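Welcome, and thanks for taking a look at this one. Below is a short briefing to read alongside the sequence and the 3D view.

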Amino acid sequence: MHQPRRVKFDSEVLNESILPNQLFQFVNCSVLRSDGLKKEHIWVRNGRILDERTVFFEEKRMADVQVDCSRLILSPGFIDVQLNGGFGIDFSTYNSNDDEYKAGLESVAKQLLSHGVTSFAPTVITSSPETYHKVLPLLKRSKASPDGAGILGAHLEGPFICANKRGCHPEQLVITTFGSNPAETIENVYGSTENIAIVTIAPELEGAQTAIEYFVSRGTTVSVGHSSAKLGPGEMAVMSGARMITHLFNAMQSYHHRDPGLIGLLTSSNVSSDHPLYYGIISDGIHTHDSALRIAYHTHADGLVLVTDAIAALGMADGVHRLGTQTIHVKGLEAKLDGTNTTAGSVASMPYCIRHLMKATGCSIEFALQSATHKPATLLGVTGEKGTLDVGSLADFVLIDENVDVKATFCSGTRVFLLN
């Protein structure tokens, strides 16, 4: 039995092309499991996680390459289900042609690897039907690779929202009814629904419940948000198949003890294991006060999903940026709609949001990491491939220290980012 070739995670050897059936063993790391961090090994072959019992008892062999992870944490790659853009690119903007849009999408996907993000849902805010018809066919699902993070499908945040809770969305493009034939309205506005992973709608709109059932029947995850709804329409939405609240606390009715609105869904008797509910939350210290983060965490921790809601200014300098047709001014971590005090997306990275959640709530690093990996994967029904390090899943993972600083990112077992 041959001895494995031993290398450090930052070795140039890992720049070499991986051969078919080449067996890798990642050692000297704390592996994120459902029940916490474990001192374990991860085995990878042909881009997927392998059962070590298969290696030991059936194949009776050792690894070809043994990778020393220098006592770092090995976590599934981060998943961001609400990302409006980044690095100067805005997913709601289609300028001239498909090739230019795809190049921008690929540029963001590539640079997200440095944040440990291996899968994301490009998010398009309230836009014209013409824009949806152009960009949606370009947002096809894909696996993570050395070229960039994988695409989960689009998150369409609008235009079926409440005008009074539109936030920074352009009022003239908001649609406040699904009409008498919601299926026809949806197809007219979006075109094909094939590439839609998540849609955010206001559940109080005329025809919303029928629309929710239509989306769910097509495999689209429905999220409620940008809404003035009382608790009743929110509960009806969950009963009809909605599974998420978009950026909890933001762009919705404030909690009131006589009608808690969508926030009341966190403790609703209609939310159960039969109707599980997740909520996106922007843990950047700007969108959501630390006290609100703590309330959410202590009320319904199981549903907490970290999202960045980042805009084109992510990774860029302060200044003027775009979000769809809107002009946004960015200073530090604050992004404001031109001429207003309205918060307009974030410029925080996923590692920053994970760190801030731990700081604000006192939660464990394991909980915070699960909220950026396993829980969003469960929400979208992709845990067979992403969000875990279970046998058979894609070997998309990140090496981080206890401060959640990303040291290296791997996609299908290939190192795709290394911190210099």
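A residue is called buried when its relative accessible area is under 20%, exposed when it is over 50%, and partly exposed in between, using a 1.4 Å probe and protein chains only. By that rule D309, at 7% relative accessibility, counts as buried. Please keep in mind that this is a predicted model, where local features need pLDDT of at least 70, side-chain atom pairs count only at pLDDT 80 or more, and totals for chains, interfaces and linings use all residues. Residues are numbered from 1 along each chain as its sequence is written, and side-chain values use heavy atoms, with hydrogens and water left out.

**Overall build**
- The protein has 10 helices and 22 strands, where helices (H or I, at least four residues) and strands (E, at least two) are DSSP runs numbered from the N terminus.
- Along the principal axes, the C-alpha atoms fill a box of roughly 70 × 50 × 40 Å.
- Of the 420 residues, 58% are buried.
- Among contacts (heavy atoms within 4.5 Å) with a separation of 6 or more, 70% are between residues 24 or more positions apart.

**Surface**
- Carbon and sulfur atoms hold 48% of the accessible surface, which comes to about 17000 Å²; such areas come from the Shrake-Rupley method with a 1.4 Å probe, and for residues only the protein chains shown count as cover.

**Annotated binding site**
- An unreviewed UniProt entry lists E157, H226 and H247 for "binding site"; such annotations may be inferred rather than shown by experiment.
- These residues span 91 residues in sequence, yet no two of their C-alpha atoms are more than 10.8 Å apart, so they gather at one spot.
- E157 sits in strand β11 (residues 154–157) and is buried, at 2% relative accessibility.
- Leaving aside residues up to four places away in sequence, E157 touches residues including H226, H247 and D309.

**Annotated active site**
- For "active site", the unreviewed UniProt entry lists D309.
- D309 lies in the loop between β16 (304–306) and β17 (319–323).
- Not counting residues up to four places away in sequence, D309 touches Q82, N84, E157, H247, I282, H287, G345 and S346.
- Q82 and N84 are also among the residues that E157 touches.
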